[in-house]
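Q: I'd like to learn how to read a few features of a protein model. Can we walk through some together?
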Amino acid sequence: MKEFKAIALEGFPLIKQGDNIAKIIVETARRNGLEIEDGDIIVIAQKIFSKAEGRVVNLKEVVPSDRAREIARKTGKSPKFVELVLREAEKILKASRDVLLVEDVRGLVCINAGIDKSNVEGEGNFALLPEDPDASAEKCRVEIRRLTGKDVAVIICDTYSRPFRRGQVNFAIGLAGVEPFKDYRGKRDLYGYILKIKNVAVVDEIAAAAELLMGQGEEATPVVIFKGLRGIVEFCEKSSAKELKIGKDEDLFREAL
């Protein structure tokens, strides 16, 4: 029978700027009686990278631009908050009372450029996404290898809304050591039909599965370790979440929004 395990690390400490996340993961896993092994996939909530990398900003320090004030009037949001969004945005896709949707500097299409208040201590403090989630994932992966001698993959995840679907789902926004897709194109199905479209974003599926254990509230379990996925996903030395970004020529939904 096919199976895998997903284990949320309990007793994970609150992260502060400058913390070595890889070292904390290894130490917390050992306190949980869990050894990190070759082929593990470690899924980590982006928020702890944002905190460790100093990506927390207080609105008191933000001076809104004229453009931010104009968009704030249109959306009903704080001009200072809108200014933060503009600094992280490459392009505004929609600005209304309902939503401020942007394509951010990382190529992610997300509400409020992924800027978030949840699980961030301090009045007026907001967490920005890591500047380069792929680089953060690779740095963490290399450090885990140095500390344990084990080759693992790292996925950094965040929660996003989806077109035409209620609710939010965890997506991969940074990768290291794992191919983002499992490509079935050109293979045959049960009845010999050659598949033409099936190219499964397995890293997003893993990120979504991790959220079942991470939660979004006061669970304090931002790290989930997957075991038993070797042979189901493909491990590699070089990978990037940027491969998940769809081009305009492939996007089936952009013109419908």
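Q: What volume does the second largest pocket have?

A: Keep in mind that this is a predicted model. The general idea first: rolling a probe the size of a water molecule over the atoms shows where empty space is left. Here, the second largest pocket comes out at about 240 Å³.

Q: Which residues lie nearest the centre of that pocket, and which element gives the largest share of its lining?

A: The lining has 13 residues, and Asp 19, Asn 20, Ile 21, Phe 49 and Lys 139 lie nearest the centre. Two or more residues each come from α1 (21-31), α2 (46-52) and α5 (133-148). The largest share is from α5, with five residues. By class, you get six nonpolar, three polar and four charged residues in the lining.

Q: Now the helices: at what angle do α3 and α4 cross?

A: The axes of α3 (residues 66-75) and α4 (residues 79-88) cross at roughly 115° and come within 8 Å. The crossing is right-handed. On the α3 side, the contact includes Arg 67, Ile 71 and Thr 75, while α4 brings in Pro 79, Val 82, Glu 83 and Leu 86. Sorted by class, that contact has six nonpolar, one polar and three charged residues.

Q: Where does Phe 164 lie, and is Phe 164 buried or exposed?

A: Look in the loop between β8 (153-162) and β9 (165-176). Phe 164 has a phi near 65°, a positive value in a residue other than glycine. With a relative accessible area of 58%, Phe 164 counts as exposed, because the cut-off for exposed is over 50%.

Technical notes: Residues numbered from 1 in each chain as written. Predicted model: local features only at pLDDT ≥ 70, side-chain atom pairs only at ≥ 80, totals over all residues. Heavy atoms only, no water. 1 Å grid on protein atoms, 1.4 Å probe; cavity = no way out; pocket = protein on both sides within 12 Å on 5 of 7 lines; lining within 4 Å. Points joined across faces, edges and corners; volume = space filled by probe spheres on them. Helix = DSSP H or I, 4+ residues; strand = E, 2+ residues; numbered from the N terminus. Nonpolar A, V, L, I, M, F, W, Y, C, P; charged D, E, K, R; others polar. Axes fitted to C-alpha atoms, helices over the stretch in contact; angles between N-to-C directions. Left-handed = near helix turned anticlockwise from the far one by under 90°. Contact = heavy atoms within 4.5 Å. Buried < 20%, exposed > 50% of the residue type's maximum accessible area, 1.4 Å probe, protein only.
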